[in-house]
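Subject: Structure handover

Hello,

Please find the structure for your set-up below. My notes on it follow.

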Amino acid sequence: MPDHTPSREETIAGFSRLFAWSGAGLLLVFLAFVLVDSLPVQLLNPSWQLRFTNRMVNTALLALLGFLLLHLGLFIEPTNGFLRAKLAIARQWAIVAVFAFLLLVPLQGFATWRVLSQAKGAQAMQRTVLDERVTRIRQAIEAATSPEDLQARFSRLQAPRPQLPPAALSLPLNELKRSLLDELQKTETRASGRISGPAPTDVWALGQGVARVSIASVGFAAAFAAGAQWPGSSLTLLQQLIRQLEILRGRRPRSNRRTP
């Protein structure tokens, strides 16, 4: 039985459907990656916000390639009404993608600011706790009238409480106070040195993230705007924006051919 040789029209239709279904599959994979990584949703958590913006940018190429493959499928088979209808829907959803990518810019900046603010707030809180504890210990030392009184004052402080070694009880009070105050100063200096805000490398990494996400988001927004289309409009979103800019600059808008 002779093999069936597909006609040119059948081959074109096969490639058209291949590109169209591949495009739809990539769009589905993009949505799956973004949605799964976003669970559980924590809209007010800056760490979640940073993870979401990075996931959107890192997987956006899948969505853009899928969008382009849908166009390529209709370009190969322009008479396919089913593909034309599906592409029209995809172009309308591309408007949502444009604004979503543009919103990633302030979201990334806000989340980065909150992360740095929380780190600085934690640093300030640790310093406050340290200063309060050192002040109480210093006041107890300065107000003590005897080694036994100092031991009693230490016992009334919040844990962890300073402890006087048995040998300290036999020292003259002034010498004991001077020794304890010197040791307290050294301890405060060491503890203060361990309290630090965000490391410069962390700040630099956050700044790089803001720049990367901002530039990529604007680029992807422009790419989707080149194919996004309002229902009933013959121009893409990007073409409408260019036309408005030309009008504002006092130039006559250039004519645009209808998109397929």
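Of the 260 residues, 30% count as buried. Taking contacts between residues at least 6 apart in sequence, 66% join residues at least 24 apart.

On confidence: this is a predicted model. The mean pLDDT of the chain is 85, and 94% of the residues score at least 70.

On annotation: the UniProt record, an unreviewed entry, lists residues 18-36, 56-76 and 88-107 under "transmembrane region". In the model, residues 18-36 are 100% helix and 0% strand, with 27 Å between the end C-alpha atoms. Residues 56-76 are likewise 100% helix and 0% strand, and there the end C-alpha atoms lie 30 Å apart.

Check the loop between helix H1 (8-37) and H2, where Pro-40 sits. The peptide bond from Leu-39 to Pro-40 is cis, with omega near -5°.

Thr-59 is a residue of helix H2. Is Thr-59 buried or exposed? Thr-59 has a relative accessible area of 4%, which is under the 20% cut-off, so Thr-59 counts as buried. The side chain of Thr-59 reaches the backbone oxygen of Arg-55 at 2.7 Å. Setting aside neighbours within four places in sequence, Thr-59 is in contact with Phe-30, Phe-33 and Val-34.

Which residues of helix H4 (residues 147-155) are buried? They are Pro-147, Leu-150 and Phe-154. Seen down the axis of H4, these buried residues fall within an arc of 55°, so they line one face of the helix. What covers them includes helix H3 (81-143) and helix H5 (173-194).

Regards

Definitions and conventions: Residues are numbered from 1 along each chain as its sequence is written. This is a predicted model: local features need pLDDT of at least 70, side-chain atom pairs count only at pLDDT 80 or more; totals for chains, interfaces and linings use all residues. Side-chain values use heavy atoms; hydrogens and water are left out. UniProt positions are given in the numbering used here, feature names are shortened, and annotations may be inferred rather than shown by experiment. Helices (H or I, at least four residues) and strands (E, at least two) are DSSP runs, numbered from the N terminus. Buried means under 20% relative accessible area, exposed over 50%, partly exposed in between (1.4 Å probe, protein chains only). The arc is that of the directions from the helix axis to the C-beta atoms. Contact means heavy atoms within 4.5 Å. pLDDT is the predictor's confidence in each residue, from 0 to 100. A polar contact is a pair of N or O atoms within 3.5 Å; within protein, one must be able to donate a hydrogen and the other to accept it, and residues adjacent in sequence count only if both atoms are side-chain atoms.
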